[in-house]
There are 2 protein chains.
Amino acid sequence: MKWLTDKEMRAWTGYRRMRLLLDLRLQRELMSQSGLSEPDYDVLSNLSEAEDHSMRLSELARHMRWSKSRLSHHVSRMQQRDLVERHECADDARGSMLVLTERGRQSIVDAAPGHVTSVRKHMIDLLTDDELDALAAFSHRIVERLSADDAAP
Amino acid sequence: MKWLTDKEMRAWTGYRRMRLLLDLRLQRELMSQSGLSEPDYDVLSNLSEAEDHSMRLSELARHMRWSKSRLSHHVSRMQQRDLVERHECADDARGSMLVLTERGRQSIVDAAPGHVTSVRKHMIDLLTDDELDALAAFSHRIVERLSADDAAP
């Protein structure tokens, strides 16, 4: 085990603090602008980008790294708000299919511009061009490595 | 409102995905190695770095961006595990004082090497020297800006 150097510690504590403050701010602005929580936004944006605006609950849960039961509870509350529909497939072991409603589609269309403005204001517009490249490169490298670990037996 | 360019989108989606996968992995390894959750670790490491191994609950809550009641509930569970003590200050409106116990001190001493190894393996050692500098620079810039906003009236 090797302790972090000063330079590494500065990068690590910066990341940790940025993550905490940025997430809180983005969530707060998203909620006040659109009435959507971050998981609501994730569900709606994933469905809006999917073919036929629909995805299996199990597939969406895997993508969001949520358990199926946690996502199922969350989606039930979104159904009550008429943002998504759930179709049970009794003859298919892969389980229920989620479909974006017209109201859900309108919600994400309405919410997206404000959310992008928040993301720009609090993060993206504060980075230089080289920093954007660096972030894109190392974040995707980290994600690939973690995903490969997960896929390993 | 200006949509994100491809380059900006690559940085943003990389950040979001990295945050999700990295946090899950670090939390899982921390818990399996030491039996500590991430909030447990934060409370213990903040106290271990504080003068006299003690901090006011209100001050720690502000630092962690938790509500006092949420932190108070969390700390009650840590008290039951003999990781921290809480001293009520009846004559002080600033409220209770948290103190690290010997067992709490030992827990963070035991947990730290494994946690640092995880942080190195899944993040820090995957970054080039220039990427470490870039991350340190832009994360602290973002944190400063968000903190300044919070301090504004």
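In the predicted model, 62 residues of chain B are in contact with 62 residues of chain A, contact meaning heavy atoms within 4.5 Å. Local features are reported at pLDDT of at least 70 and side-chain atom pairs at pLDDT 80 or more, whereas totals for chains, interfaces and linings use all residues. Residues are numbered from 1 along each chain as its sequence is written, chains are lettered from A in the order in which they are written, and side-chain values use heavy atoms, with hydrogens and water left out.

The size of an interface is often given as the accessible area lost when the parts come together. Chain B and chain A bury about 6,100 Å² between them, 64% of it on carbon and sulfur atoms; this area is the accessible area (1.4 Å probe) lost on being put together, summed over both parts. Between the two chains, 28 residue pairs are in polar contact, both residues being at pLDDT 80 or more. A polar contact is a pair of N or O atoms within 3.5 Å; within protein, one must be able to donate a hydrogen and the other to accept it, and residues adjacent in sequence count only if both atoms are side-chain atoms. The count of salt bridges between chain B and chain A is 16, each a side-chain nitrogen of Lys or Arg within 4 Å of a carboxyl oxygen of Asp or Glu. In one salt bridge, the side chains of A:R25 and B:D149 meet at 3.2 Å, N to O.

Elements giving two or more residues to the side of chain B that touches chain A include helix 1 (6-34) and helix 6 (129-151) of chain B. Helices (H or I, at least four residues) and strands (E, at least two) are DSSP runs, numbered from the N terminus. Helix 1 of chain B provides the largest share of this side, 20 residues.

A rotation of 180° with 0.0 Å of shift along its axis superposes chain B on chain A, with an RMSD of 0.0 Å. That is the relation of a two-fold axis. The same surface serves both copies, as 100% of the contact residues of chain B recur in chain A. Superposition was by least squares on the C-alpha atoms of residues with pLDDT of at least 70 in both copies.

Within chain B, strand 1 (residues 54-56) and strand 3 (residues 97-100) pair in the antiparallel sense over 3 bridges, pairing requiring at least two DSSP bridges. Strand 2 (residues 84-87) of chain B also runs antiparallel to strand 3 of chain B, joined by 4 bridges. B:M97 in strand 3 stands opposite B:R56 and is the bridge partner of B:H87.

Definitions and conventions:
Buried area is the accessible area (1.4 Å probe) that two parts lose on being put together, summed over both.
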